[in-house]
Amino acid sequence: MDEMQLLRDFAGPAGLPGRDDLAGARARLLATATARPRRRHRRALWGWITAAGLAAAAAAVVVLTPSAPPAPRAETDPVKVLYQAAAAARARPDVEPRPDQFVYTRTLLADGRENEFWVSADGTHDGLEILFGHETEVAGCRDGKRVQKEGRGRTATSRCEPRPAAHPDLPTDADAMLAYLHRSTYGEGDTLHDLGNEVVDLAGGYLRPAARAALYEAVAKVPGLILRAGAKDATGRPVLGITWNSTTERGIGNQDEFLFDPVTFAYRGSGTTGAVLSQGIVDAVRQRP
């Protein structure tokens, strides 16, 4: 059977489309078959991926960003505290007082009483101390003699060595400072108790940054140091207390304590002299910084 004749018979009176009509239909069919997918589908796909990615990123931020910074670890090593205090001391401005000036210090004791001191920078000028509300003039040491005023116009003369409030020639490294402390500068003995008294005396006065740093590093070499964390000074400020057990020649135990700010490691006083409220260099007695 002729197949083309069958097609003509199936088409009936309408007849078969012409060659040009078939070519146009073929072109439209091919264009439809090779067309790119509709953009709406791709946008929807990328939209879903983006949303999922943002959700994952947001989750990562929540995990990696803590709600509050971690609390600093409390220091428990007295040697480390002393070295941190030494570093803080070295960072302070270096000021050398004139010999005719005074080092002013105001302290607060645990019982709430305040004391004030004006100590001669070179130890030769008359100073003043106000202890528990009572004023006392402290005579300077001149030409090896101290003439101290007493009541009813009387005076008492004694031999002396100047005890300057500022020490321009103190050692600036730990070993030399420790040797200096053991030399018993003002006639003390060489026990650990005597060394502690010397350290308390120096730390409560004015020291240039390098000397103060050397003092703390020298103390760090003392055996048996104890750190008392969570302590408070006489004002109620939190402090780090560093102490050691010592014994006098008579066997009397003594325990002093150095107090440091737990954040800045600045010196805050001692257990015996009280909390340092203010300290500075002034030109005259009764002048305050």
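Modeller: What follows describes one loop and then some ring pairs elsewhere in the chain. The model is predicted. The loop runs between strand E6 (155-159) and helix H5 (174-182), and Ala-166 has its place there. Ala-166 has a relative accessible area of 10%, which is under 20%, so the residue counts as buried. Apart from neighbours within four places in sequence, Ala-166 is in contact with Pro-97, Ala-121 and Tyr-206. Ser-120 is 46 residues away from Ala-166 in sequence, yet their C-alpha atoms are 8.1 Å apart in space.

The loop between E6 and H5 also holds Cys-160. A disulfide joins Cys-160 to Cys-141, with 1.9 Å from S to S. Cys-141 sits in the loop between strand E4 (134-138) and strand E5 (145-149), so the link connects distant parts of the chain, 19 residues apart. Both Cys-141 and Cys-160 are buried. Their link is right-handed, with 95 degrees about the S-S bond. A search of the whole structure finds one disulfide.

Now the rings. There are four aromatic pairs. In one of them, the ring centres of Tyr-104 and Trp-118 are 5.1 Å apart and the planes stand at 55 degrees, so this pair is tilted. Tyr-104 belongs to strand E1 (residues 102-108) and Trp-118 to strand E2 (residues 114-120), so the pair ties together parts 14 residues apart in sequence. Tyr-104 is buried, at 2% relative accessibility, and Trp-118 is buried at 2% as well.

Definitions and conventions:
Residues numbered from 1 in each chain as written. Predicted model: local features only at pLDDT ≥ 70, side-chain atom pairs only at ≥ 80, totals over all residues. Heavy atoms only, no water. Helix = DSSP H or I, 4+ residues; strand = E, 2+ residues; numbered from the N terminus. Buried < 20%, exposed > 50% of the residue type's maximum accessible area, 1.4 Å probe, protein only. Contact = heavy atoms within 4.5 Å. Disulfide = S-S within 2.5 Å. Phe/Tyr/Trp six-rings, centres within 6.5 Å; stacked < 30°, edge-to-face > 60°.
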